[in-house]
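Hi,

Here is the structure I promised to pass on. Have a look at it first, and then read my notes below.

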Amino acid sequence: MRAVVQRVKNSSVSVDGKKIGEIGNGLLVLLGVTHTDTEKDVNWLANKIKDLRIFEDESGKMNLSLEDIKGELLVISQFTLYGNCIKGRRPSFTEAGRPEIAEPLYEKFLEKCRSFNIKTECGEFGADMKVELLNDGPVTLIIDTINMPK
């Protein structure tokens, strides 16, 4: 799994002009799934994101987690995170998980995040979505479970 994590003041997602998810202070997570991902990847990544200390404390240091600030999550499925642009000018998406693999893992990721009692909103898997955000910092991180401890 691959995630682009952005610290935001607020974020929302719309489908067909209708807002379907919205958060205040917290994290926007763009989530990509590859064909070799498992529930182990889901659990590791959800815990990693929950525990990231990327919010400022009273001294202005990045020392607080999403839980510490009672922040919120907006999770958007994004297969294009597995786009390979090495050859040619059109990305190849062969590393992106097929919907029958990716959608259940995306749903498990949402379920895991909600189990932390963190408000977790989401987009619509496979839909054409419009995402708005006010990036805070900006703070943007890329996390890939290929790098998780085995």
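To get your eye in: where is the place of Pro 104? Pro 104 sits in helix H2. Helices here are DSSP runs of H or I with at least four residues, strands are runs of E with at least two, and both are numbered from the N terminus. Pro 104 is partly exposed, with a relative accessible area of 40%. On that scale, buried means under 20% relative accessible area, exposed means over 50%, and partly exposed is in between (1.4 Å probe, protein chains only). Pro 104 and Thr 38 are 66 residues apart in sequence, and their C-alpha atoms are 10.0 Å apart in space.

Two things to know before you go on. This is a predicted model, in which local features need pLDDT of at least 70 and side-chain atom pairs count only at pLDDT 80 or more, while totals for chains, interfaces and linings use all residues. Residues are numbered from 1 along each chain as its sequence is written, and side-chain values use heavy atoms, with hydrogens and water left out.

**The cores**

In soluble globular proteins, nonpolar side chains tend to be buried together. A nonpolar core here is a set of buried Ala, Val, Leu, Ile, Met, Phe, Trp, Tyr and Cys residues joined through side-chain atoms within 4.5 Å. The largest one has 28 residues, and Leu 27, Val 29, Leu 31, Ile 49, Leu 73 and Phe 109 touch the most other members. Strand E1 (2-15), E3, helix H1 (39-51), E6, H2 and E8 each give two or more residues to this core. H2 supplies the largest share, 6 residues. There is also a second, separate core of 11 residues, which includes Val 4, Val 15, Leu 74 and Met 129.

Gln 6 is in strand E1 and counts as buried, at 13% relative accessibility. The C-alpha atoms of Gln 6 and Phe 93 are separated by 23 Å, and the two residues are 87 apart along the chain.

**The salt bridges**

Side chains of opposite charge can pair when their charged atoms come close. A salt bridge is counted when a side-chain nitrogen of Lys or Arg is within 4 Å of a carboxyl oxygen of Asp or Glu. The whole structure has 10 of them.

One of the salt bridges joins Arg 7 and Asp 136 (3.3 Å, N to O). Arg 7 is in strand E1 and Asp 136 in strand E8, so this pair ties together parts that are 129 residues apart in sequence. Arg 7 is buried, at 5% relative accessible area, and Asp 136 is buried too, at 18%.

Lys 50 pairs with Asp 51 (2.9 Å, N to O), and Lys 50 also forms a salt bridge with Glu 67, with the closest N and O atoms 3.7 Å apart. Because Lys 50 lies in helix H1 and Glu 67 in the loop between strand E5 (62-64) and E6, the second pair ties together parts that are 17 residues apart in sequence. Lys 50 is buried at 11%, whereas Glu 67 is partly exposed at 36%. Elsewhere, salt bridges that share partners join Arg 7, Lys 9 and Asp 136 into one network.

**The largest pocket**

A pocket is an open set of points on a 1 Å grid over the protein atoms alone, where a 1.4 Å probe fits, with protein on both sides within 12 Å along at least five of seven lines; lining residues have an atom within 4 Å of a point. Its volume is the space filled by probe spheres set on the points, which are joined across faces, edges and corners.

The largest pocket holds about 390 Å³ of space. Its lining has 23 residues, and Ser 77, Gln 78, Phe 79, Gly 126 and Met 129 lie nearest its centre. E3 gives the most to that lining, with 4 residues.

Enjoy exploring!
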